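Reader: I have just opened this entry and would like to learn how to read it. Could you walk me through it, one feature at a time?

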2 protein chains.
Amino acid sequence: MVWITRPGKRERLVAAAAELVDRHGVESPTLAQIAQAANVSPGNVYYYFKTREELLAALVEHRRGEVRALLSGLDRRRDPRARLKELAETWAASADEVVEHGCTIGCLASQLTKTHACLAPSAAGLIEELLDWSETQFRQLGHPDARALATTLLGGIQGAAILASVLQDPDLMRREVRRLDRWIDDLGSVDSRSSSLRVLDH
Amino acid sequence: MVWITRPGKRERLVAAAAELVDRHGVESPTLAQIAQAANVSPGNVYYYFKTREELLAALVEHRRGEVRALLSGLDRRRDPRARLKELAETWAASADEVVEHGCTIGCLASQLTKTHACLAPSAAGLIEELLDWSETQFRQLGHPDARALATTLLGGIQGAAILASVLQDPDLMRREVRRLDRWIDDLGSVDSRSSSLRVLDH
DNA sequence: GTCTATATAGCGATAGAC
DNA sequence: GTCTATCGCTATATAGAC
C-alpha cells in the first residue's frame with residue numbers, strides 16, 4: 001500500500017497516538033490532542049483516518065512493527081537461551097517506563113480487548129508475536145512443552161509489569177525478570193544431543 | 001458513616017458501575033448508562049456522588065470489600081499451603097469470566113493507574129491486599145522471602161489473566177494456575193520444625 | 001492535500017420544582 | 001430525596017473553500 005500524501009504526517013499522527021495512548025490509555029486522548037501532538041491540523045486527521053478506531057488500528061500495526069524489530073534484534077544472538085533472557089531483560093531495562101505507564105504492549109492489548117472488540121484480534125496478534133517467538137526458542141532448546149514455557153515466561157513478564165506499575169515499584173519488575181532469568185537457566189536444555197533436530201518435529 | 005437515604009440506590013449505582021466498568025473499561029460507561037443499569041434516574045446520581053470520579057472511588061472500595069471477603073473465606077482453611085492454592089484456583093474457577101473481561105481487580109487497578117492518578121493509591125491498595133495476605137501465608141510456611149514469593153504468585157496469576165483474556169483462551173488460565181499449584185507444592189515449607197515460630201520473627 | 005468552519009450528538013454537571 | 005429540564009462544553013465527524 002503506497003501513500004502518495006506528503007510524507008510524515010500519517011506517521012506523525014500514529015506516533016503521537018501511540019505515545020498518548022501509552023500514557024493515558026486508549027480512550028482518553030482526543031483526536032484534537034493527538035493532532036496537536038503530531039503538529040497536524042485537527043480537521044486534517046480525517047484525510048488519513050476515516051474514524052478514530054481506524055487510527056487505533058494503525059497504532060496497533062505500528063506497535064507490531066516495533067515488536068518485530070525487537071525480536072529481529074534478539075535473533076542476532078546465537079544461543080536461544082540468551083535470546084530468551086534478553087527478551088525478559090528488555091522489560092527490566094525499561095522498568096522505569098513500565099512503572100509510569102505499564103507494559104506498552106500488554107496494556108494496549110488488554111484495553112483494546114475490552115473496549116474495541118473489532119480490534120481485539122489484531123491486539124491478540126501482538127501478544128502472539130511474542131509468544132510464537134518464545135516458543136520457537138524453547139523448542140530449539142529441546143523442550144517439547146515449548147508453548148507452555150513461552151506462556152509462563154510471557155505471563156511472568158506481564159504480571160510483573162502490572163504489579164510494578166500499580167505499586168509504582170521498578171525494582172519489582174527487575175527482581176521478577178532476574179527470577180525468570182534463573183528459571184530459564186534452571187530449565188536447562190532437554191535432550192541436548194538432538195536439540196537441533198527437535199526444531200523440526202511437530 | 002451512615003446513609004439516611006433510601007436504602008439500595010447508592011449500592012445499586014456502585015454495583016452497576018462495577019459491572020459496566022468490568023465489561024467495558026473504566027472510561028467507557030457513561031453516568032447515564034450506569035444510572036439506567038441501576039434503575040436510578042440520571043439526574044439523581046449526583047445526589048450520591050458529586051462527580052464521576054467519586055463514583056469510581058466508591059467502586060474501588062466495593063471491590064476492596066469483595067477481595068477481603070474472598071480472603072476471609074480462604075482463612076477458614078487450616079493449612080497456609082491450601083489457602084494459597086485455593087487463592088490461585090479462584091482465577092481458574094472463573095476462567096470463562098477472566099477471558100471475557102480480564103481479571104476484574106487487575107484491569108481495574110491498571111486502568112485507574114493510567115487514567116485517574118488520584119485513584120491510583122486506592123487501586124494499588126487492592127493489589128496490596130492480595131499481596132499482603134499471600135505474604136502472610138508464605139511466611140507461615142517458613143519462607144524468609146515470603147514477599148518475593150507472594151509477588152511471583154500474584155504476578156503469575158495476573159499475567160496469565162492478561163494472556164487468557166487477550167488470546168481468548170480459558171484453558172491458558174487454568175493451566176497456569178495448575179502450574180502455580182505445583183510450584184507451591186514444590187516450594188515445600190522451609191524449616192518445618194519452627195514454621196509456626198517463623199511467623200513471629202520478621 | 002490541507003485547512004477552517006461547522007454540524008451533530010452526547011457528555012458531566014447544575015438548578016429548581018416537587 | 002427524587003425527578004425533570006437544561007446548561008455548557010467538548011467529542012467525533014463532515015462540508016467545502018483554498
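Reader: Where in chain A is A:Gln168 placed?
Author: A:Gln168 sits in the loop that joins α9 and α10 of chain A. Please keep in mind as we go that this is a predicted model. The backbone angle phi of A:Gln168 is near 55°, a positive value in a residue other than glycine.

Reader: And which loop of chain B holds B:Asn39?
Author: Look between α2 (31-37) and α3 (45-48) of chain B, for that loop contains B:Asn39.

Reader: Let me step back to the whole chain. How many helices and strands are there in chain A?
Author: Chain A has 11 helices and zero strands. Along the principal axes, the C-alpha atoms of chain A fill a box of roughly 60 × 40 × 30 Å.

Reader: Now for the two chains together. How do I read the size of an interface?
Author: The general idea is that interface size is often given as the accessible area lost when the parts come together. In this case, about 2800 Å² is buried between chain B and chain A, and carbon and sulfur atoms give 70% of that. On the chain B side, the residues that lose the most area to chain A are B:Lys114, B:Leu163 and B:Val166, together 25% of what that side buries. Counted by residues, the contact takes 37 from chain B and 37 from chain A.

Reader: How many salt bridges does the rule find across the interface of chain B and chain A?
Author: The rule finds two. B:Lys114 forms a salt bridge with A:Asp22, and the closest N and O atoms are 3.8 Å apart; the cut-off for such a pair is 4 Å. There are also eight residue pairs in polar contact between chain B and chain A.

Reader: Which helices of chain B supply the side that touches chain A?
Author: At least two residues each come from α1 (9-24), α7 (104-115), α8 (120-140), α9 (146-167) and α10 (170-187) of chain B. The largest share, 13 residues, comes from α9(B). Sorted by class, this side of chain B has 15 nonpolar, 15 polar and seven charged residues.

Reader: How does one find empty space in a model?
Author: Rolling a probe the size of a water molecule over the atoms shows where empty space is left. Here, the largest pocket holds about 630 Å³ of space. Its lining has 28 residues, and the closest to its centre are A:Glu176, A:Arg179, B:Leu149, B:Thr152 and B:Trp183.

Reader: Which elements supply the lining of the largest pocket?
Author: Both chains take part: α9 (146-167) and α10 (170-187) of chain A, along with α8, α9 and α10 of chain B, each supply at least two residues. The most comes from α10(A), with nine residues. By class, the lining divides into 10 nonpolar, five polar and 13 charged residues.

Reader: What lines the second largest pocket?
Author: That pocket, with about 460 Å³ of space, is lined by 19 residues. Nearest its centre lie B:Arg63, B:Glu66, B:Ser94, B:Thr104 and B:Ile105. In chain B, α1, α4 (52-74), α5 (80-93), α6 (95-101) and α7 each supply at least two residues of this lining. Its classes are eight nonpolar, five polar and six charged residues.

Conventions:
Residues are numbered from 1 along each chain as its sequence is written. Chains are lettered from A and ligands numbered from 1 in the order in which they are written. This is a predicted model: local features need pLDDT of at least 70, side-chain atom pairs count only at pLDDT 80 or more; totals for chains, interfaces and linings use all residues. Side-chain values use heavy atoms; hydrogens and water are left out. Contact means heavy atoms within 4.5 Å. Buried area is the accessible area (1.4 Å probe) that two parts lose on being put together, summed over both. A salt bridge is a side-chain nitrogen of Lys or Arg within 4 Å of a carboxyl oxygen of Asp or Glu. A polar contact is a pair of N or O atoms within 3.5 Å; within protein, one must be able to donate a hydrogen and the other to accept it, and residues adjacent in sequence count only if both atoms are side-chain atoms. Helices (H or I, at least four residues) and strands (E, at least two) are DSSP runs, numbered from the N terminus. Ala, Val, Leu, Ile, Met, Phe, Trp, Tyr, Cys and Pro count as nonpolar, Asp, Glu, Lys and Arg as charged, and the others, Gly among them, as polar. On a 1 Å grid over the protein atoms alone, a cavity is a set of points where a 1.4 Å probe fits but cannot get out, and a pocket is an open set with protein on both sides within 12 Å along at least five of seven lines; lining residues have an atom within 4 Å of a point. Grid points are joined across faces, edges and corners, and a volume is the space filled by probe spheres set on the points.
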